[in-house]
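Please open the structure in your viewer and keep the selection panel at hand. The stops below say what to select next and what is there.

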Amino acid sequence: MSLIKADSAFSLTRYLQQVERIDTMPPSGRVIRSVGLLIESQGPRVGVGATCDVIGRDGAPSLTVQVVGFRDGVVLAVPLGDTVGVQPGDRIVARGRARDIGVGPQLLGRVIDALGQPLDGLGPVATVGTYPIHPPPLNPMERDPVCGTFVIRERAVTIGSGDRRVYFCSDVCRDKYRARIV
Ligand SMILES: [Zn+2]
């Protein structure tokens, strides 16, 4: 029997990479209580903002929840779907970091839920990119000094260089700022 080379015509590289990424033992815990819009569980050991799946029993669909806090060693999570059927002892499995949702011009005019799933019955949304549900907070220092608007670095009009960079919402504000300091 010959060994299959990873770089042969039937390359296994892609599959080997996928296998390496699979989390075979995701942290998991058990649901102990569900009150109103809060699901409490013993574990998994995850941080605030993490998403988990409550695995339904008897073929019930799994429910995605988001961890919002802790109390006395108990994980507190809010459901991002219908909690009907959740039972004490249900397995709750960490999904890793907070989810990304699909974004793009295809979303214009559509109605979606908190996880980006369409609610308007118009079929799937073929988005072109993804964006994290919890993006990193904006740095308050990146504020247009002329109009006071918070600006996103990548999209801002800037002057200066390095740490001395100043961010503006538009050419108009940049020109006003320049006129002031000259
Ligand atoms: Zn401005």
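Which residues does Ala77 touch, not counting residues up to four places away in sequence? Select Ala77 and then Ile39, Ser41, Cys52, Val65, Gln66, Val67 and Val68, which are the residues that Ala77 touches when those up to four places away in sequence are not counted; two residues are in contact if their C-beta atoms, placed from the backbone, lie within 7 Å.

Before going on, note that this is a predicted model, in which local features need pLDDT of at least 70 and side-chain atom pairs count only at pLDDT 80 or more, while totals for chains, interfaces and linings use all residues. Residues are numbered from 1 along each chain as its sequence is written.

**The whole chain**

Colour the protein chain by pLDDT, the predictor's confidence in each residue, from 0 to 100. The mean pLDDT of the chain is 84, and 87% of its residues reach 70 or more. Confidence is lowest in helix H1 (residues 13–21), at a mean of 81, and highest in strand S2 (residues 38–42), at 95.

Now switch to a cartoon view, in which you can look for two helices and ten strands; helices (H or I, at least four residues) and strands (E, at least two) are DSSP runs, numbered from the N terminus. Followed from the N terminus on, the elements run α-β-β-β-β-β-β-β-β-β-β-α.

**The barrel**

Select strands S1 to S6, which close into a barrel in the order S1-S2-S5-S4-S3-S6 with antiparallel pairing; two strands pair if DSSP finds at least two bridges between them. Begin with S1 (residues 28–35) and S6 (residues 91–94), which run antiparallel and are joined by three bridges, and pick out Gly29, whose bridge partner in S6 is Ile92.

Move on to S3 (residues 51–55) and S4 (residues 63–71), an antiparallel pair joined by four bridges, where Thr51 has Gln66 in S4 as its bridge partner.

**Two loops**

S4 and S5 form a hairpin with two residues between them. In the loop between these strands select Asp72, whose phi is near 50°, a positive value in a residue other than glycine. Is Asp72 buried or exposed? Asp72 counts as exposed because it has 5 C-beta neighbours inside 10 Å; a residue is buried if 20 or more other C-beta atoms lie within 10 Å of its own, exposed if 12 or fewer, and partly exposed in between, with C-beta atoms placed from the backbone.

Next select Pro44, in the loop between S2 and S3, and look at the peptide bond from Gly43 to Pro44, which is cis, with omega near -5°.

Finally, turn to the buried residues, which make up 14% of the 182 residues in the protein chain.
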